[in-house]
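Please read them with the structure open beside you.

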Amino acid sequence: SEAYIDHALQYISSNYNHIKINDIATYIGINRSYLTIIFKEKLEVSPQEYLINYRMRKAAELIKSTNLSIQDISSRIGYENQYNFSKMFKRVYGLSPRNYRDQTI
């Protein structure tokens, strides 16, 4: 299961902006249920939670280090809907993307 996790994490880091959980499972050659089991066992989060947190970390980096619009950042990390992105960002960081940017300037 360690090798599966390693492959999954590599795949996520290379493709986080356009993948779904089924894509990860298919890539490493296991079913989605088993992927969820080993993620929870080894990382203590589901693959979905891991992917969301990974995307939000990337978004936070872009917010801090670029002048890209929130909509552009949303798109770059895999959210077609800026509202859904902002809602998720606020859930993870406790601030809207705009407020987060204002606090890091």
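1. Helix 1 and helix 3 pack with their axes 10 Å apart and at an angle of about 95°, and the two are therefore roughly perpendicular to each other, a label that covers angles of 65 to 115 degrees. The contact, meaning heavy atoms within 4.5 Å, brings Glu2, Tyr4, Ile5, Ala8, Leu9 and Ile12 of helix 1 against Tyr34, Leu35, Ile38, Phe39, Lys42 and Leu43 of helix 3. These residues divide into 10 nonpolar, no polar and two charged, where Ala, Val, Leu, Ile, Met, Phe, Trp, Tyr, Cys and Pro count as nonpolar, Asp, Glu, Lys and Arg as charged, and the others, Gly among them, as polar.

2. On the basis of these notes: this is a predicted model, in which local features need pLDDT of at least 70 and side-chain atom pairs count only at pLDDT 80 or more, while totals for chains, interfaces and linings use all residues. Residues are numbered from 1 along each chain as its sequence is written, and side-chain values use heavy atoms, with hydrogens and water left out. Helices are DSSP runs (H or I, at least four residues) numbered from the N terminus, and axes are lines fitted to C-alpha atoms over the stretch in contact, with angles running from 0 to 180 degrees between N-to-C directions.

3. Helix 1 (residues 2-15) also packs with helix 2 (residues 21-28), at an angle of about 130° and with the axes 10 Å apart. Helix 1 and helix 2 are therefore oblique to each other, the term for angles that are not under 35 degrees (roughly parallel), over 145 (roughly antiparallel) or 65 to 115. Tyr4, His7, Ala8, Tyr11 and Ile12 in helix 1 meet Asp23, Ile24, Tyr27 and Ile28 in helix 2, a set that divides into seven nonpolar, one polar and one charged.

4. Not counting residues up to four places away in sequence, phenylalanine 85 touches Met56, Ala59, Ile70, Ile73, Ser74, Ile77, Tyr79 and Pro97.

5. Lysine 20, in the loop between helix 1 and helix 2, is exposed, with a relative accessible area of 62%; exposed means over 50%, buried under 20% and partly exposed in between, with a 1.4 Å probe and protein chains only.
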